[in-house]
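Subject: Structure handover and notes

Dear colleague,

Please find below the structure that I promised to hand over. My notes on it follow directly after.

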Amino acid sequence: MEELPILLKLSRGREVMLQLRGVTVLPGVAYPQIAHQSHTLHPVVIGSDSPPIQYYDLYNGGDCPMGYEVVVESLAQLTEENYGCEIMKCLQPIGRVQPHSISQIPFVFSPLEAKTYAVEVPIMIIGDKTYPITLFGEGITPDQKDSVKPGSDIPDKQAVLLDNQLAVLSNEAVDFGVVPTFSVTKKVIFITNTSKETITFRWNTNTTPLCGEVISVAPASGSLASTASTMVEVSLLPSSYPALFDLDIICELTDNSKEEAYVQAVAEYEHALEEEAITFTIREEKPRTPDKINKSMDNWVATETLNKYHTLPPIRALAPSPLDRPHAREFHCSKNKKHVSKQQQKAGSQPPAERPTGPPIPPKPFYLHLRITGQVADINLFSGDLGSFDIPIAEIVNPDGPLNLEVPRAASSTEIETTSNVLSFVLKSLLDDVDVHMAIKNLSNEPIPYFDQISRTP
């Protein structure tokens, strides 16, 4: 465990001391990063027919996959304490988290009372220990629904640019608000090149499996000249179930000039490796003159005699042969001195060719993060006010049944109250009516009706 204290200064605000802590993970080991021992779910209205799905993020900081299992005994005990009603339910108790990735564990919170529920849910890591997590959920009344809004007060625009920042987003957080199921909602942001070079951007929407299913970005990639900007369309894809989303997608930025230099360096490195594989050098020891020359040897000739003659030029073919040598090596036998040709002296003065030290290092991209929040609610809760939403009819129409372009909706509170009052008045009037009481008593004494005497013959 390593700690690093830093001082965070807010623009036109106060200074905050942060204590950063990091852990060094061994290779080949999964590491679950549990930032907090508790997690608070979004408040849900009591008696809701379609409570939203909420997620708990589990991060794997290791370099190998990590398996987990949610121990649901405490959730079953909470169900027994509430007369068999499932207050909290884990939809995916068993799963795997990829290296350096986040797995979102889905939970459904269905409160019965307007109070705060708390339950300890252990998460067991396969091959590791168990981490207890306390889940808090608050049930609210329908009157308190408008006072509770999802999201946060974090600013959605960057105030200060970094030194090596290549581009900037017009908004770093997008809030879709409350949208109905089966709808397609779109938001528009802009990305601007703040560098002096042409850059390439690429969006990564697969940061989590859930993010790749519900988020779409167009265009997914492109190039931007210096000081240029382009429009990016972020879409929340149709969902058939209510849910709460708090996602993060990444925009990867690359400097084109550095990328081209890297590609050229890689080509030169590969060429150098190929040359090193096929090139070789032959090194021979130069002949040495013996210290004592025996003049009685038949093959010995004095140096003065050698100087009188000249060697014949080499026999060459009409076409040059790879076996030809452009210069013959000349060795003069001498007693105390060795003579070397000028070509050898020139070749010996040249330094040997440099061997490649290692592959070139690719340029590091710059990353921009875009936070996406939103809530998908049941389409029946919108009381038919769907004119501002793009709802594909094919998503809600049964292909086997008749075509009905009218979107089903739930009754408003005024309609429900009026219908309830009318039915209550009618039932009360029937109970107080004497004729109704006499008709009920005379039912057993009435003759058999004529239509009941008609029977079908086989």
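**Thr254 and its surroundings**

Leaving aside neighbours within four places in sequence, Thr254 is in contact (heavy atoms within 4.5 Å) with Leu166, Thr198, Ile199, Thr200, Glu259 and Pro365. Thr254 belongs to strand β20, residues 243–255, where strands (E, at least two residues) and helices (H or I, at least four residues) are DSSP runs numbered from the N terminus. Thr254 counts as buried because its relative accessible area is 18%; here buried means under 20% relative accessible area, exposed over 50%, and partly exposed in between, with a 1.4 Å probe and protein chains only.

Before you go further, please note that this is a predicted model, in which local features need pLDDT of at least 70 and side-chain atom pairs count only at pLDDT 80 or more, while totals for chains, interfaces and linings use all residues. Residues are numbered from 1 along each chain as its sequence is written, and side-chain values use heavy atoms, with hydrogens and water left out.

**Nonpolar cores**

A nonpolar core is taken as a set of buried Ala, Val, Leu, Ile, Met, Phe, Trp, Tyr and Cys residues joined through side-chain atoms within 4.5 Å. The largest one has 34 residues, of which Ile191, Trp203, Ile215, Phe245, Leu253 and Leu370 touch the most other members. Strand β20 supplies the largest share of this core, six residues. Not counting residues up to four places away in sequence, Trp203 touches Leu169, Ile189, Val217, Pro219, Ala220, Val232, Ile249, Ile250, Cys251 and Leu370. A second, separate core of 25 residues includes Leu78, Ile105, Val119 and Ile133.

**The four-stranded sheet**

An open sheet is formed by four strands in the order β13-β15-β19-β17, with antiparallel pairing; two strands are said to pair if DSSP finds at least two bridges between them. Strands β13 (167–169) and β17 (215–218) are the edges, each pairing on one side only. From one strand to the next the twist averages 25°, the axes being lines fitted to C-alpha atoms and the angles running from 0 to 180 degrees between N-to-C directions. Three bridges connect β13 with β15 (residues 185–193) in the antiparallel sense, and Val168 stands opposite Thr192 in β15.

Strands β1 (residues 2–9) and β2 (residues 15–22) run antiparallel and are joined by eight bridges. In β2, Gln19 is the bridge partner of Pro5, and Glu15 stands opposite Lys9. The hairpin has five residues between the strands, and Arg12 takes a positive phi near 55° there.

**Salt bridges**

The structure holds five salt bridges, each defined as a side-chain nitrogen of Lys or Arg within 4 Å of a carboxyl oxygen of Asp or Glu. One of them joins Arg21 and Glu3, with the closest N and O atoms 3.4 Å apart. Because Arg21 lies in strand β2 and Glu3 in strand β1, this pair ties together parts that are 18 residues apart in sequence. Arg21 counts as exposed at 61% relative accessibility, whereas Glu3 is partly exposed at 48%.

Another salt bridge is formed by Glu233 and Lys186, the closest N and O atoms being 3.9 Å apart. This pair links distant parts of the chain, with Glu233 in strand β19 (residues 229–236) and Lys186 in strand β15, 47 residues apart. Glu233 is partly exposed, with a relative accessible area of 28%, and Lys186 is partly exposed as well, at 47%.

The side chains of Glu252 and Arg202 also meet in a salt bridge, at 2.7 Å from N to O. Here the distant parts that are linked are strand β20, which holds Glu252, and strand β16 (residues 199–204), which holds Arg202, 50 residues apart.

**Helix α1**

In helix α1 (residues 73–81), the residues Ser74, Leu75, Leu78 and Thr79 are buried. Seen down the axis of α1, its buried residues fall within an arc of 150°, so they line one face of the helix; the arc is that of the directions from the helix axis to the C-beta atoms. Glu73 and Glu80, on the other side of α1, are exposed. The cover over the buried residues of α1 includes β8 (88–90), β10 (101–109) and β11 (116–125). Just after α1, Tyr83 takes a positive phi of about 60°.

With best regards
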